[in-house]
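Subject: Structure handover

Hello,

Here is the structure you will be taking over. Please look through it first, then read the notes below.

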Amino acid sequence: MSFAYMRGIDQVYERDGVSYTALRGFDLAIEEGEFCCLLGPSGCGKTTALNLLAGFESPSSGDIVVAGREVRAPGADRGVVFQSHDSLFDWLTALENIEFGLRMGGASTADRRATAERCLALVGLSGHGHKRPHEMSGGMKQRVQIARVFANDPAMLLMDEPFGALDSQTRRVLQRELTAIWETNRKTVVFITHDIEESIILGTKVAVMYAGPASRIKEIIEIDPAMGHDRNSTQFAEYYRRIQMLIEEEVNKTLELELH
Ligand SMILES: Nc1ncnc2c1ncn2[C@@H]1O[C@H](COP(=O)(O)OP(=O)(O)O)[C@@H](O)[C@H]1O
Ligand SMILES: [Mg+2]
């Protein structure tokens, strides 16, 4: 049995009195320690899938299991990182933001501070713990969000285009850091992106979705760890071509739907 799985998921929304099937027969299995990138054209249902795993939404039908337990609600075993930095509390410092969840969990002051400092260091922000969100760049805020999730030590990390709003330089730095953190911790990760390059660099596997409506996984590409996250390798170029082709077919379908 896989560490986490979504099986036979249908997700139907009501939109202006009309029902819209975002996912139909969606299946995805994630093994422990895997870094699974979920890739697909805009609007295909990536966020829907992640929200279901996070327990923010309930599926219209199907099973969702994480670490042997059925997902019914959000839980501390699943840490979520979004694209925007809005989820940081403006009136708290970086360290206080990171500690926040631990405070809710009832850890002692000293333990909380030590954990927060360690997680701040993990994302390369030692010495910046006193800063408040308005004193930080977008990249720094995103690091604090990642540190905050790590502080809670979840079994699984769910990330929805966490680097989507960042400039390409910052994005590359954070990709490198996330890879380094993952190599140390080997957390199970589901990472949404629409950036093919990012998915190949970060993922141990890339799950490509069909265009919506009624989306599901189209193909799963296992990434050879021997590639070593190297953008210049021939393997990278091969993965890129293959995934690009898979996505292009889907984007074309979406465009055709919009034209008719
Ligand atoms: N709460 C909702 N109510 C109605 N429609 C929704 C809701 N959430 C998502 N959708 C629709 O489901 C589809 C998939 O959305 P989403 O999962 O956000 O796509 P992605 O993250 O791949 O861009 C879109 O057509 C979107 O408009
Ligand atoms: Mg989305």
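The notes below cover the ligand, the sheet and the helices.

This is a predicted model, in which local features need pLDDT of at least 70 and side-chain atom pairs count only at pLDDT 80 or more, while totals for chains, interfaces and linings use all residues. Residues are numbered from 1 along each chain as its sequence is written, and chains are lettered from A and ligands numbered from 1 in the order in which they are written.

Ligand 1 has 13 residues around it, and Tyr 13, Ala 22, Lys 46, Thr 47 and Thr 48 come nearest (a residue counts as near if its C-beta atom, placed from the backbone, lies within 6 Å). Two or more residues of this shell come from each of β1 (4-15), β2 (18-30) and α1 (46-54). Helices (H or I, at least four residues) and strands (E, at least two) are DSSP runs, numbered from the N terminus. The most is given by α1, with 3 residues.

β1 and β2 pair in the antiparallel sense over 9 bridges (strands pair if DSSP finds at least two bridges between them). One bridge sets Gln 11 against Leu 23 in β2. The two strands form a hairpin with 2 residues between them, and Asp 16 in the turn has a positive phi of about 50°. β1 also pairs with strand β4 (residues 61-66), in the antiparallel sense over 5 bridges; there, the bridge partner of Asp 10 is Ser 61.

An open sheet of 6 strands runs in the order β6-β7-β8-β3-β9-β10, with mixed pairing. β6 (78-81) and β10 (217-222) stand at the edges with a single partner strand each, so one side of each has no neighbour in the sheet. Within the sheet, strands β3 (residues 35-39) and β9 (residues 205-209) run parallel and are joined by 4 bridges, with Leu 38 partnered by Ala 207 in β9.

Helix α2 (residues 94-105) packs with helix α4 (residues 138-151) at an angle of about 30°, their axes 8 Å apart (axes are lines fitted to C-alpha atoms, for helices over the stretch in contact, and angles run from 0 to 180 degrees between N-to-C directions). That makes α2 roughly parallel to α4, a label for angles under 35 degrees. Among the residues that make the contact are Ile 98 and Leu 102 of α2, and Val 144 and Arg 148 of α4 (contact requires C-beta atoms, placed from the backbone, within 7 Å).

Regards

Terms used
Parallel < 35°, antiparallel > 145°, perpendicular 65-115°, else oblique. Contact = placed C-beta atoms within 7 Å.
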